[in-house]
Amino acid sequence: MLSEKMTEALNGQINKEMYSAYLYMDMSAHCTYEGLGGFANWFMVQYQEEMSHAMKIYDYINEQGGKVVLHAIEKPPGNFGTPLEMFEATLKHEQFITKSIHELVDLAYEEKDYATQIFLQWFVTEQIEEEANDNELIAKLKLVGNDGNGIFMLDRELETRTFTPPAGEE
Ligand code: FEO
């Protein structure tokens, strides 16, 4: 059983995950337009991951007998710049999401909501991976700099990324 406050906070997180999906979908379109098919693929996989995060919370609220309430999704900024700038923006966004997840964990502890504490552990771990992926790509993009060949090679590497649904969502 979820408290009203916890339900509202989880519904807020669904919206943040949906916005994340929307943001990465837009970044993917930007990369496609710029001729960077591998980067576009990476962001489209990221879009799928974010949709699965939103659905994980959606299912959890339903399972706990809470009411899912969907909010309007904000428009992404649309002007994304270079691949390095895109990944720096991605990292900044993920740090914001990590903070939001940690606030949910704080609330679950405050409320002695043991089920939600356990549920959120998956997201805490996932955020470590999300930030690590972004940091790795930022480091590679800094190494490559403005070298067209390097960007081309990285684009080919990112082409290979595939979406694996989280356990329980296959
Ligand atoms: Fe669902 Fe990228 O945080």
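1. Q117 is buried, with a relative accessible area of 11%; buried means under 20% relative accessible area, exposed over 50%, and partly exposed in between (1.4 Å probe, protein chains only). The residue is found in helix α4. Helices (H or I, at least four residues) and strands (E, at least two) are DSSP runs, numbered from the N terminus. Not counting residues up to four places away in sequence, Q117 touches A108, Y109 and K112, where contact means heavy atoms within 4.5 Å.

2. On the basis of these values: this is a predicted model, in which local features need pLDDT of at least 70 and side-chain atom pairs count only at pLDDT 80 or more, while totals for chains, interfaces and linings use all residues. Residues are numbered from 1 along each chain as its sequence is written, and side-chain values use heavy atoms, with hydrogens and water left out.

3. The largest nonpolar core has 21 residues, of which M27, C31, F39, F43 and F87 touch the most other members. A nonpolar core is a set of buried Ala, Val, Leu, Ile, Met, Phe, Trp, Tyr and Cys residues joined through side-chain atoms within 4.5 Å. Two or more residues each come from α1 (4–33), α2, α3, α4 (114–144) and α5 (148–158). Helix α1 gives the most to this core, with 5 residues. Apart from this core lies another, of 18 residues, among them M6, L10, Y60 and V105.

4. The contacts of F87, leaving out residues up to four places away in sequence, are F39, W42, F43, D134, L137, I138 and L141. Among these, F39 and F43 are also listed with F87 as residues that touch the most other members of the largest core.

5. I151 is found in helix α5 and is buried, with a relative accessible area of 17%. Neighbours within four places in sequence aside, I151 is in contact with L36, F39, L141, V144 and G145. I151 and F39 are 112 residues apart along the chain, and their C-alpha atoms are separated by 9.7 Å.

6. For α2, the span agrees with expectation: at 1.5 Å a residue, its 27 residues should span 39 Å, and its end C-alpha atoms are 39 Å apart. The expected span of a helix is 1.5 Å times one less than its number of residues. Just after α2, G65 takes a positive phi of about 80°.

7. Two residues of the following loop can be taken together. V69 lies in the loop between α2 (37–63) and α3 (83–110), and I73 has its place in the loop between α2 and α3. V69 is partly exposed, with a relative accessible area of 38%; I73 is partly exposed, with a relative accessible area of 35%. The C-alpha atoms of V69 and I14 are separated by 9.0 Å, with the two residues 55 apart along the chain.

8. I73 also belongs to a nonpolar patch on the surface, formed with Y22, M25 and M44, with about 320 Å² of accessible area together. Patches are made of residues with over 30% relative accessible area and no salt bridge, like charges being joined within 9 Å and nonpolar side chains (Val, Leu, Ile, Met, Phe, Trp, Tyr) within 5 Å. Accessible areas come from the Shrake-Rupley method with a 1.4 Å probe; for residues, only the protein chains shown count as cover.

9. A salt bridge is a side-chain nitrogen of Lys or Arg within 4 Å of a carboxyl oxygen of Asp or Glu. By this rule the count comes to 4 salt bridges. One of them joins the side chains of E49 and R161 (3.6 Å, N to O). E49 lies in helix α2 and R161 in the segment after α5, so the pair ties together parts that are 112 residues apart in sequence. E49 is buried, with a relative accessible area of 14%, and R161 counts as buried at 16% relative accessibility.

10. Another salt bridge is made by the side chains of E136 and K140 (3.4 Å, N to O). Being 4 residues apart in helix α4, these two are separated by about one helical turn. An α-helix has 3.6 residues a turn, so residues three or four places apart point the same way. E136 is partly exposed, with a relative accessible area of 45%, and K140 counts as partly exposed at 24% relative accessibility.

11. K140 also forms a salt bridge with E157, the closest N and O atoms being 2.7 Å apart. This pair links distant parts of the chain, with E157 in helix α5 and K140 in helix α4, 17 residues apart. At 38% relative accessibility, E157 counts as partly exposed. Salt bridges that share partners join E136, K140 and E157 into one network.
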